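Hi,

Here is the structure I promised to hand over. Have a look at it first, and then read my notes below.

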Amino acid sequence: MTYKDVGKPGYMAPSPDNTGLYQALYLEAAQRIGCSLIIKRFPKKRSLRQLQAGKIDIYPSTGFEESRSLYLHYIPNGLFRNETYYGLSPLNTVELESIDDIKDTELTWIIEAGRTTVNSAKEKNIPYQALVGLTHTKAIKMIVWKRKVFYQIDTEDYNRYLKEQGTSDLTHLNIKTHKYCCDAKSQKLYAGISRFSPIYQEEQNPDYDPLMPLSPENFPTRLVPGSIGHQLSQALEDIYTSGRLNQLLNEYNIDLN
């Protein structure tokens, strides 16, 4: 299994520490099907390349992305993403009421390389730069260093940063917080199994409807029953339906609401 080296609070600590929900969840799932778990950490973009090449078997949690379904098979992991965001920019920036407003500034949208947010920037024709290993702390430093950039920050990361710094906002760093520019994101999450991994076997899905939108629930192929990938899917479902996942969420102080 691979996960981005910068980590995510509660889910997996920054590399080389793998502590968190993902390690606990997939270690238990692996043990239930008689497998072992090895975790390898890379920047997100490299993690995706490893999955695309079949050198890594699993990515622990992601939303469905049609372009990535060329090399990932999505199986439910019982998790859900419900995230809200703020925008950060130099203090002298005009108030931004939407992401599109970035085009009326001289700002460049900085995004962690490998995130699907890059697609949004491309579609909206917004100047952007994809940076390997970008975190909210690095983005804040870039703005402090007078870089003319815009960064979209998860409100949980924002509030955690304020608490750690003992401050109520970022104006003392000459940073403006735009609270109404970014859309929230709510979606079901999945484990992504590399379709080129040795543990993956697929067959035609007789229930696939080509007239319906492509999704994890409506996909041309399905896991071969009895394959390791299929067993993993069943183990994750059992962990969710038994209530064990809720126990793990509580253990790592994660609230999905």
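First, the ground rules. This is a predicted model, so local features need pLDDT of at least 70 and side-chain atom pairs count only at pLDDT 80 or more, while totals for chains, interfaces and linings use all residues. Residues are numbered from 1 along each chain as its sequence is written, and side-chain values use heavy atoms, with hydrogens and water left out.

**Overall**

The chain has 7 helices and 12 strands; these are DSSP runs, with helices being H or I of at least four residues and strands E of at least two, numbered from the N terminus. Its radius of gyration is 20 Å, close to the 18 Å that the globule rule gives for 257 residues, so the chain is as compact as a globular protein of that length. (That radius is taken over C-alpha atoms, and the rule is 2.2 Å times the number of residues to the power 0.38.) The C-alpha atoms fill a box of roughly 60 × 40 × 30 Å along the principal axes.

Of the 257 residues, 48% count as buried, where buried means under 20% relative accessible area, exposed means over 50%, and partly exposed is in between (1.4 Å probe, protein chains only). The chain exposes about 13,500 Å², and carbon and sulfur atoms supply 47% of it; the areas come from the Shrake-Rupley method with a 1.4 Å probe, and for residues only the protein chains shown count as cover. Among contacts (heavy atoms within 4.5 Å) between residues at least 6 apart in sequence, 67% join residues at least 24 apart.

**The five-stranded sheet**

This one is open and mixed, with 5 strands in the order β7-β6-β8-β5-β9. Two strands pair here if DSSP finds at least two bridges between them. The edges are β7 (128-131) and β9 (175-178), each of which pairs on one side only. From one strand to the next, the twist averages 30 degrees; axes are lines fitted to C-alpha atoms, for helices over the stretch in contact, and angles run from 0 to 180 degrees between N-to-C directions.

Inside the sheet, β6 (residues 108-112) and β8 (residues 149-154) run parallel and are joined by 2 bridges.

**The three-stranded sheet**

Here the order is β3-β10-β4, again as an open sheet, and the pairing is antiparallel. β3 (58-62) and β4 (72-83) are the edge strands, each pairing on one side only. The twist averages 20 degrees from one strand to the next. Between β3 and β10 (residues 185-194) there are 3 bridges in the antiparallel sense, and Y59 stands opposite G192 in β10. Helix α2 (residues 44-52) packs on the sheet: it touches β3, β4 and β10, and its direction makes about 125 degrees with that of β3.

Which peptide bond is cis, with omega near 15 degrees? The one from S15 to P16, and P16 lies in the loop between β1 (2-4) and α1 (21-32).

Positive phi in a residue other than glycine turns up at K146, near 70 degrees, and at N253, near 55 degrees. K146 lies in the loop between α4 (136-144) and β8 and counts as exposed at 69% relative accessibility. N253 lies in the segment after α7 (244-251), and at 72% relative accessibility N253 counts as exposed too.

**Aromatics**

The structure holds 7 aromatic pairs. Rings of Phe, Tyr and Trp (its six-membered ring) pair if their centres lie within 6.5 Å; planes under 30 degrees apart count as stacked, over 60 as edge-to-face and the rest as tilted.

One of the pairs is Y11 with Y22: the ring centres are 5.2 Å apart and the planes at 45 degrees, so the pair is tilted. Y11 sits in the loop between β1 and α1 and Y22 in helix α1, 11 residues apart. Y11 counts as buried at 11% relative accessibility, and Y22 is buried at 3%.

Another is F64 with Y74, with centres 5.0 Å apart and planes at 65 degrees, so this pair is edge-to-face. F64 is in the loop between β3 and β4, while Y74 is in strand β4, 10 residues apart; both residues are buried.

Finally, Y3, Y11, Y22 and Y59 form one aromatic cluster.

Cheers
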